[in-house]
Amino acid sequence: MQAFVVTGGTRLEGRVTVPGAKNSVLKLMAASLLAVGRTRLTHVPDILDVSIMAELLRRLGCIVEYDAVASVLVVDVPEELGHQADYDLVRRMRASIAVLGPLVSRVGLADVALPGGDAIGSRGLDMHVGGLTRMGAEFTSEHGFLTASAPGGLTGAQIWLDFPSVGATENILMAAVLAKGRTVIDNAAREPEIVDLCEMLQQMGAGIEGVGSSTLAIEGVEQLAPVEHATVPDRIVAGTWATMAAITGGDITVDYAHTKHLEIALDKLVTAGAMIEATATGFRTSMQGRPRAVDVVTLPYPGFPTDLQPQFIALNSVAEGVSMVTENLFEARFRFVQELTRLGADVHTDGHHAFIKGRRRLSGAPVEATDVRAGVGLVLAGLVAEGQTTVIDVHHIDRGYADFTELLTSLGGEIERVDVPSRG
Ligand code: UD1
């Protein structure tokens, strides 16, 4: 097992380029299944989840080539596709479920192992299943697999989501583009990653209206053509670097980033005392002195992203004042708080609220990353803790952050990747 050893007390300063978004590229890769031929994706991050999705596509019969230096991934999709996503891959990455919609619409059959992935609470599939069922798919669940079949093809339908689920919106959208007739998704999620997926599908020839709004209207077409597409910048990685600048009293410029995708989070950093300055290709975050505490409430986009919640709890744990962070998406994301308190943070949780009393100092200790964002949240805390913080289970961080230790070191951080004995 690998761990990061972080030595606290350094100020981060410099420039980093943000890769394409993990949460977009995995879906763009799934969307490539919708067209026979070579799809070329650029700005593809060199992260574990991309390799897992590449393996999944290979097992479905695709040829996948990745050039990590150029950040380019090519998927060559055959005429005849397989239909099974195995447990060994789905277990490692819940986003594997994104192949469900494309497979059922192109092949008429999908066998997807029931997901595991991040240990961040119960993440149902009811809206994925409900939406595709309305379009004519039939579902059964046996031996740990979810099977969807639609031998006669899917038909457009009117679908209302109970909640703007990112994954359900994407699966229904990818099924609808090849369905017969018109599908309308109401209360659709409108994250920048969904806009990115819509734009790629439009380039491929899909008929989609309402992109970026909470009502998507999709007119099904007979077939789609493969395209070249640049992945949208990873707003969560950009927001993580900005929070690192704020917590260490540093100065970091991020390139390949859109401030408009991070409006609330950057506004919160300004309230905490940071200076944010837009640049031609991204933005700069600088901070002097101790941060001020900020309240945060996570919500679907354009609300504050749950994927930046642990980073902001870390920031608040050393800020001046008290704060409340409310998590509305994934209840188990507060598991990270237990680890943070091992570093001396004063945080109490009650249901989906965390109450944080900022302390001047944290003190380094061994802690465990419970998921990708919790992992970086702990690294942030380690950067301002006295002495050494050892974060174990860092494969979670590798799932979402490319070249993490190298980039942190280039900014002046003290971090080392080490092998540690695995538990039991
Ligand atoms: C995606 C992101 C994740 C991010 C989340 C919210 C990827 C790979 N992951 O996850 O990083 O934190 O969006 O921005 O893109 N739910 C149901 N039934 C469903 C679907 C979802 O109850 O059918 C619930 C989930 O349990 C969860 C909430 O809805 O509590 C949000 O889930 P969703 O928006 O679907 O997130 P993901 O697509 O899983």
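## Lysine 22 and its surroundings

K22 touches P45, I47, D49, D234, R373, R399 and G400, not counting residues up to four places away in sequence; contact here means heavy atoms within 4.5 Å. The residue K22 belongs to helix α1 (residues 22–31), where helices (H or I, at least four residues) and strands (E, at least two) are DSSP runs, numbered from the N terminus. Because its relative accessibility is 8%, K22 counts as buried (buried is under 20% relative accessible area, exposed over 50%, partly exposed in between, with a 1.4 Å probe and protein chains only). The side chains of K22 and N23 are joined by a polar contact of 3.1 Å. A polar contact is a pair of N or O atoms within 3.5 Å; within protein, one must be able to donate a hydrogen and the other to accept it, and residues adjacent in sequence count only if both atoms are side-chain atoms.

## Basis of the model

This is a predicted model, in which local features need pLDDT of at least 70 and side-chain atom pairs count only at pLDDT 80 or more, whereas totals for chains, interfaces and linings use all residues. Residues are numbered from 1 along each chain as its sequence is written, and side-chain values use heavy atoms, with hydrogens and water left out.

## A four-stranded sheet

An open sheet of mixed pairing is formed by four strands in the order β10-β11-β13-β12; two strands pair if DSSP finds at least two bridges between them. Strands β10 (158–160) and β12 (207–209) stand at the edges with a single partner strand each, so one side of each is left without a neighbour in the sheet.

Strands β11 (residues 182–186) and β13 (residues 215–219) run antiparallel and are joined by five bridges. Within this pair, D186 stands opposite T215 of β13.

## Nonpolar cores

The largest nonpolar core has 75 residues, of which M29, L34, V99, M135, L173, L201 and I208 touch the most other members. Such a core is a set of buried Ala, Val, Leu, Ile, Met, Phe, Trp, Tyr and Cys residues joined through side-chain atoms within 4.5 Å. Another core, of 65 residues, lies apart from it and includes F4, A274, L343 and L411.

## Ligand surroundings

Among the 20 residues around the ligand, D126, M127, S165, D307 and L329 come nearest; a residue is near if one of its heavy atoms lies within 4 Å. A polar side-chain atom of D307 is 2.7 Å from a ligand oxygen atom, and a polar backbone atom of V166 is 2.8 Å from an oxygen atom of the ligand.
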